[in-house]
Structure formats: structure tokens, C-alpha cells
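Please open the model in a viewer and keep the selection tool at hand.

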Amino acid sequence: MADKVRVGLIGAGRIGQVHAQSVMSHPDTQLVSIAGRFLEGAQSLADEYGVSATDNPEELFDSATIDALIIASPTATHVDFIEKAIDAGIPALCEKPIDLDIARVDAIREKVLASSTPIAIGFNQRFDPHFAHLHRRVEAGEIGALEQLVIVSRDPAPAPLEYLAVSGGILRDQTIHDFDMARFFVGNIVSVTAQGFNQFSEEIKGIGDYDAVTVTLRGENDESVTIINSRHCAYGYDQRLEAFGDQGMLRVDNVSDTLVRHFNSSGVETLEPYQDFFLERYMDSYRVELGEFVTKIRTGESSSPTFEDGRAALIVADAATQSAHTGLTVAITP
């Protein structure tokens with residue numbers, strides 16, 4: 001393997017652009033080639049970084065030229081590309097979710113578990129410095145036994161409708177990050193109760209999806225997790241987390257570009273608006289995620305979310321979707 005990990009990127013859309021920037025800015029990685037469904041988009045992104053482009057992802061499954069793959073293509077392609085990466089012996093970091101159909105995930109599960117090729121799933125929010133710092137303090141026992149976890153995740157505005165229509169729904173697309181975060185803190189989830197709402201978007205309602213959800217999870221040790229999501233937020237990204245235990249509480253509040261506060265006759269402690277683009281809010285987490293993936297490749301030891309983490313989050317998302325549709329609490333077998 002070269003001194004730097006040579007990375008091939010599959011997907012030149014919004015999330016592919018985030019990963020390209022992350023790879024280019026990391027000292028241990030080198031972007032080699034970008035593959036996209038549409039050559040024009042892949043070529044435009046490749047030109048920005050001075051690398052090659054192709055509309056044929058098959059060209060990237062060559063361990064002689066590439067040491068690792070980042071799979072940032074549409075969800076329906078993830079399973080096939082993970083399987084091809086294993087066959088080629090090329091470690092892969094795959095965006096979430098693994099697939100929208102748990103049967104397709106389970107179809108390659110044994111192959112993934114039996115392989116020595118590292119596979120990581122892109123739950124980048126675990127690596128957000130603020131959330132990770134809070135998690136370390138919870139693990140260190142600073143609040144005693146964790147009893148309640150509250151996760152608030154509201155996006156500034158919905159993604160384009162053509163994306164939402166194929167996203168698998170808010171619970172498999174947006175909330176799945178929070179399901180992984182819940183598991184990061186409490187481990188196994190044993191039941192899910194979810195409610196979906198159509199509060200502001202007739203377009204989202206028209207595709208059979210919700211624009212807001214509230215979910216309650218029960219952990220195997222009777223921890224409670226409350227998740228609040230919305231597809232819009234007038235004041236930017238609303239990304240908060242609160243962990244409550246028998247000896248105290250830890251909390252992460254929203255992030256703005258500056259901590260400067262303004263005091264005058266019309267208001268006190270006025271802050272700049274919260275960050276309103278996910279790249280601003282989570283760029284650091286993508287860099288750390290990539291670093292952990294490199295560590296996984298080189299040493300086999302890392303905190304990168306695994307294929308099993310991706311599978312477990314999808315099982316919770318499926319149960320939450322069922323609960324939202326039926327109004328029932330859905331049990332999950334550990």
C-alpha cells in the first residue's frame with residue numbers, strides 16, 4: 001500500500017462532494033478517481049481536484065490502483081458495491097443506509113462477516129467532536145447510569161422532492177442517524193414507538209411520507225430515548241443532544257459560527273444564526289470518520305460503525321416506520 005491511502009469515490013452528488021473534500025484535506029489519503037452515473041457531474045468534481053473521472057464504477061474495483069473505496073452513490077447501489085468491494089479485497093466506507101430492504105442487507109451479511117476486507121458504514125455523527133466528547137464523559141460515568149437520552153435533529157429545509165421520493169422515508173433517511181446515535185449510547189433497542197406528522201409540506205405528504213416525526217425507544221436496560229425530527233427549521237440546523245443520568249446531565253447545544261453575543265435595547269445575548277448547511281455543521285465529523293476508516297484499514301482496530309451497526313439501525317428504522325403507520329409499539333428482538 002502507498003504511504004497515502006489511495007481512494008476511489010463512487011458518487012458525485014452532494015454527499016460525494018463532501019467526501020471528496022474530506023479525502024483531499026486529510027493528510028493520510030489521496031483521491032485517485034471519481035465515478036458517477038453522469039459523466040459530466042463526475043468530471044466536474046474530478047476537475048476541481050485534478051483527478052480522473054468515469055461513468056463506469058467497475059473501473060474503480062482495481063486494487064492495483066486503489067486502496068479504498070467510498071460508496072456515496074444512490075442507496076439502491078450500496079449492497080452491490082459492498083459485495084464487489086469484498087470480492088476485490090478493497091476496503092469500503094459506505095454511506096447510510098446500507099439498503100432500504102433488510103432482506104437485501106441480510107443477503108450479503110454472512111459474506112461481509114466472513115470477509116477480512118474492512119467495511120464501514122457512514123454514520124458520521126458519531127464522530128462529531130461535540131457529540132463524541134459528551135459520549136466519552138457518559139462512558140466515564142460522569143452522570144452515573146444513563147436513564148434518558150434526548151436527540152433533536154431538525155434540518156433547515158427539505159431535500160429536493162425527487163430525492164425524498166426514493167429516500168425510503170424520513171425514518172430511514174434522516175432519523176436513521178439518530179437511531180445509530182441512540183445505539184451508540186444505550187446499546188440494544190428493544191422497542192419503538194413512533195408518530196409521523198404532516199405539518200407543513202403537502203408535497204411530502206403527497207409522496208406518502210412525513211415531514212416530522214417523534215420517536216420513543218426503549219433500551220435493553222430500560223433506558224428511554226426520545227428523538228424529535230423535522231424536515232425544516234427557520235433558524236438553521238437544530239442539532240442537540242441531552243444525556244440524563246442518576247448523577248447529573250450532559251448536553252450539547254446548537255453550533256453557530258461565533259460565540260460573540262450582542263446586547264442592545266432590542267435584545268440581550270443575541271447570537272449569530274445557527275449553521276444552516278450540513279457541511280458547515282458536520283465537516284469535522286466527516287474528517288474524523290475518514291481518519292477512523294484509515295485506521296481500520298491499516299490496523300484493523302477502529303471505532304468505525306460496522307456493517308452490523310448499519311443493519312441494526314435499519315431494523316430500528318423499519319420498526320419505527322411500522323409503528324408510525326399502525327400506531328402500535330413495535331418490539332425488536334435483540
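Is serine 201 buried or exposed? Serine 201 is buried, because its relative accessible area is 11%; buried means under 20% relative accessible area, exposed over 50%, and partly exposed in between, with a 1.4 Å probe and protein chains only.

Before going further, please note that this is a predicted model, in which local features need pLDDT of at least 70 and side-chain atom pairs count only at pLDDT 80 or more, while totals for chains, interfaces and linings use all residues. Residues are numbered from 1 along each chain as its sequence is written, and side-chain values use heavy atoms, with hydrogens and water left out.

**Stop 1: two serines**

Keep serine 201 selected; the residue is found in the loop between strand E8 (189-197) and helix H10 (202-206). Helices (H or I, at least four residues) and strands (E, at least two) are DSSP runs, numbered from the N terminus. Display the side chain of serine 201, which reaches the backbone nitrogen of isoleucine 204 at 3.0 Å. A polar contact of this kind is a pair of N or O atoms within 3.5 Å; within protein, one must be able to donate a hydrogen and the other to accept it, and residues adjacent in sequence count only if both atoms are side-chain atoms.

Next, select serine 230, in strand E10 (residues 224-230). Serine 230 is buried, with a relative accessible area of 7%. A polar atom of its side chain lies 3.1 Å from the backbone oxygen of histidine 232. Setting aside residues up to four places away in sequence, serine 230 touches Ser153, Arg154, Asp155, Gln174, Phe200, Asp211 and Ala212, where contact means heavy atoms within 4.5 Å.

**Stop 2: the nonpolar cores**

Select Phe179, Phe185, Val192, Val215 and Leu217. Of the 38 residues in the largest nonpolar core, these five touch the most other members. A nonpolar core is a set of buried Ala, Val, Leu, Ile, Met, Phe, Trp, Tyr and Cys residues joined through side-chain atoms within 4.5 Å. Beyond its neighbours within four places in sequence, phenylalanine 179 is in contact with Leu171, Val215, Leu217, Ile227, Ala313, Val316, Ala317 and Ala320. A second, separate core has 26 residues, including Ile71, Ile119, Ile121 and Phe123.

Now move to leucine 93, in strand E5 (residues 92-95). Leucine 93 is buried, with a relative accessible area of 2%. Which residues does leucine 93 touch, not counting residues up to four places away in sequence? They are His19, Leu69, Ile70, Ile71, Ala120, Ile121, Gly122, Glu289 and Phe293. The C-alpha atoms of leucine 93 and isoleucine 119 are separated by 6.0 Å, although the two residues are 26 residues apart along the chain.

**Stop 3: backbone geometry**

Most residues other than glycine have a negative phi, and most peptide bonds are trans. Select lysine 96 and proline 97, which are joined by a cis peptide bond with omega of about -20°. Proline 97 lies in the loop between E5 and helix H4 (102-107). Then select aspartate 222, which is not a glycine and yet has a positive phi of about 70°. Aspartate 222 is found in the loop between strand E9 (212-219) and E10 and is exposed, with a relative accessible area of 53%.

**Stop 4: the cavity and the pocket**

How many cavities of 30 Å³ or more does a search of the whole structure find? The search finds 1. On a 1 Å grid over the protein atoms alone, a cavity is a set of points where a 1.4 Å probe fits but cannot get out, and a pocket is an open set with protein on both sides within 12 Å along at least five of seven lines; lining residues have an atom within 4 Å of a point. The largest cavity has a volume of about 50 Å³, a volume being the space filled by probe spheres set on the points, with grid points joined across faces, edges and corners. Residues to select in its lining include Gln125, Phe131, Asp178 and Tyr282.

Finally, display the largest pocket, with a volume of about 1300 Å³. Its lining comprises 50 residues, of which Arg14, Ile15, Ala72, Tyr163 and Asp173 lie nearest its centre. The largest share of this lining, 3 residues, comes from H11.
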